[in-house]
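Thanks for coming. Please have the structure open.

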Amino acid sequence: MRAHTAIFVVLSILALIAPWLGLYPVFLMKLLCFAMFACAFNLLLGYTKMLSFGHAAYFGSSAYVTGWLATVHGWGTVESILGGVAVAMLLGLVIGAIAVRRQGIYFAMITLALSQLVFFVCLQANFTGGENGLQGIPRGTIFGVMALGRDRTMYYFVLAAFIAAFVFIRRIVHSPFGQVLNAIRANEPRAISLGYKVDRYKLVAFVLSASLAGLAGSLKALVLGFVTLSDVSQGTSGEVILMTLLGGSGTFLGPVVGAILVVTLQEYLSDVVGAWVSVIIGGIFVVCVITFRRGFVGEIQRRFASRAGELVKRAG
Amino acid sequence: MTVVFGVPLPAILGQLMLGLVNGSFYALLSLGLAVIFGLLGVVNFAHGAFYMLGAFAAYIGLQFLGVNYWCALLLAPLAVGLLGIVIERLFLRHLYQLDPLYGLLLTFGIALIAEGTMRGIFGASGKSYPVPESLQGGFNLGFMVLPIYRAWAVFASLTVCGLTWFLIERTRLGAMLRAATENARLVQAFGINVPLMVMTTYGAGVALAALAGVLAAPVTQVSPLMGSSLVIVVFAVVVIGGMGSIIGAIVSGLVLGMIEGLTKVIYPEASNIVVFVIMAVVLIWRPTGLFGRE
């Protein structure tokens with residue numbers, strides 16, 4: 001536990017000084033947004049074992065709504081974000097209510113199909129700008145004084161939001177509610193027989209995850225200043241799965257590590273290899289599933305755990 | 001001219017016909033998906049990619065190797081089916097003991113590889129595949145002209161669907177297959193080579209997808225992404241029909257294709273989403289699907 005705290009302190013300090021280390025702030029903010037997205041996704045896959053194959057729907061629709069409110073209606077930054085998150089939450093409630101009626105593989109297929117529905121709505125609706133997407137989204141100011149136009153100011157705003165979301169997810173997982181989710185993950189029929197209304201727990205988890213994914217999407221829209229169809233597409237849903245899987249699902253830091261790896265990889269590879277980047281992403285998927293199912297952080301934790309176990313054995 | 005819902009009748013019939021063509025592709029694809037899921041417990045996300053590879057195999061055959069349509073109809077599914085067998089041997093068989101979600105993720109990765117590779121080689125734009133000479137032209141039915149190729153595509157798909165149904169439900173081989181679906185270990189104890197059967201089934205399911213791809217090549221554009229959104233529609237079809245049922249897969253594929261066609265005339269904006277909306281309604285009303293059992 002002490003090691004955990006130390007890791008978090010070191011990482012927080014790193015995150016605080018990162019923009020002064022010569023790293024490009026917009027890139028860092030993109031990392032944070034996707035890390036938040038992956039953490040939100042991990043709440044479902046890692047702690048409840050629900051594979052949502054359409055999480056881009058919440059990420060992207062919230063991004064669109066935030067962008068639309070900020071550009072067309074001139075809403076303030078915080079109000080636009082809240083508006084986006086509210087839509088993601090509502091969408092999560094509707095899609096979740098339908099999808100939790102089935103488990104496992106069916107759940108995955110249903111969330112995928114319904115997110116495709118959201119994609120087509122975004123493609124055809126007027127307010128999304130169709131194929132062009134939304135551009136020139138202003139970052140605005142918060143609390144009436146802090147202008148977010150400067151990248152470093154925006155960075156600390158996004159970082160604060162990320163840390164809040166991260167702590168919030170940790171709080172959920174360690175709460176009694178989180179323990180019930182864990183029980184559902186481990187043995188759903190047993191949780192039902194113990195009298196838990198499993199579907200209701202799953203739905204709440206789904207709505208929470210969708211809302212946080214929405215928050216990540218809203219922030220990304222403000223950071224980059226644009227939203228495109230790819231934010232709400234199947235490809236983005238796949239990427240967040242890969243981030244979580246590669247970093248380690250069911251671990252707190254796994255999705256963060258995974259997001260950093262995947263976003264960095266895309267950023268640098270897309271210049272070098274162009275269209276072949278999806279081949280590489282697909283290849284990582286295959287390798288991950290065949291040989292590396294715990295992900296980086298999960299694998300490290302297991303090594304440490306087994307070494308600690310050996311020490312205990314030797315001492316005893 | 002007869003008018004229904006404010007739309008001329010020929011337009012409706014034309015779209016219905018187009019819907020029937022799409023529906024027969026849905027039927028072929030969801031049939032393969034259902035057969036694979038039945039025996040392997042794997043939801044084959046790469047199904048759309050194999051459909052695309054089938055169409056590309058026909059295109060490559062015609063452009064570079066001089067293989068005509070009729071040979072491609074046989075050779076492309078064979079080649080893609082073999083590829084499927086290789087994938088099953090190399091990757092999928094390691095996952096049978098694990099949560100089925102891993103099979104979905106693995107085949108998703110394979111779909112990305114296949115689509116990315118074809119896009120890297122051929123670019124993202126669509127290629128056209130000519131309708132074979134013997135199937136050009138159309139029948140004049142009086143109220144509309146029915147293109148011969150479309151009629152052929154529907155006929156061929158339905159014939160193959162029927163044959164597959166017969167093979168699975170009415171032959172000894174099919175009986176073994178169904179038995180292995182119920183209890184693979186017991187069937188293996190009777191001396192039947194179940195791993196071989198699993199491998200062949202995956203190859204055959206993939207070959208069905210490739211066949212749909214060849215049939216579709218002259219109707220739609222051959223492009224690397226032609227399967228990626230199709231596979232999601234087919235997933236929805238399979239959820240509506242109930243995953244375990246062969247007949248369910250075929251019937252719901254056809255019917256949903258026609259409903260989609262009708263929607264194109266009545267309310268075009270909704271034609272992309274109508275299948276998903278129907279899926280949501282069916283799930284609320286009957287969570288196991290129309291033909292499914294728990």
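Start with helix α4 of chain B, residues 100-122. At 1.5 Å a residue its 23 residues should span 33 Å, and its end C-alpha atoms are 33 Å apart, so the two agree. The expected span here is 1.5 Å times one less than the number of residues. Helices are DSSP runs of H or I with at least four residues, strands are runs of E with at least two, and both are numbered from the N terminus.

Before going on, note that this is a predicted model: local features need pLDDT of at least 70, side-chain atom pairs count only at pLDDT 80 or more, and totals for chains, interfaces and linings use all residues. Residues are numbered from 1 along each chain as its sequence is written, and chains are lettered from A and ligands numbered from 1 in the order in which they are written.

Is α4(B) enclosed or open? Of its 23 residues, 17 are buried, so α4(B) is largely enclosed by the rest of the structure. Buried means that 20 or more other C-beta atoms, placed from the backbone, lie within 10 Å of the residue's own; exposed means 12 or fewer, and partly exposed is in between. Just after α4(B) comes Gly123(B), with a positive phi of about 80°.

Now the whole of chain B. It has 11 helices and 4 strands. Its radius of gyration is 19 Å, close to the 19 Å that the globule rule gives for 294 residues, so chain B is as compact as a globular protein of that length. The radius is taken over C-alpha atoms, and the rule is 2.2 Å times the number of residues to the power 0.38. Buried residues make up 49% of the chain.

Next, where the chains meet. In chain A, 33 residues are in contact with 33 residues of chain B; contact means C-beta atoms, placed from the backbone, within 7 Å. Which helix gives the largest share of chain A's side? That is α5(A), with 14 residues. By class, this side has 23 nonpolar, 8 polar and 2 charged residues. Nonpolar covers Ala, Val, Leu, Ile, Met, Phe, Trp, Tyr, Cys and Pro; charged covers Asp, Glu, Lys and Arg; the others, Gly among them, are polar.

Last, within chain A, helix α2 (residues 25-48) packs on helix α10 (residues 234-247) at about 75°, with axes 9 Å apart. Axes are lines fitted to C-alpha atoms, for helices over the stretch in contact, and angles run from 0 to 180 degrees between N-to-C directions. α2(A) and α10(A) are therefore roughly perpendicular, a term for 65 to 115 degrees.

Notes: Parallel < 35°, antiparallel > 145°, perpendicular 65-115°, else oblique. Contact = placed C-beta atoms within 7 Å.
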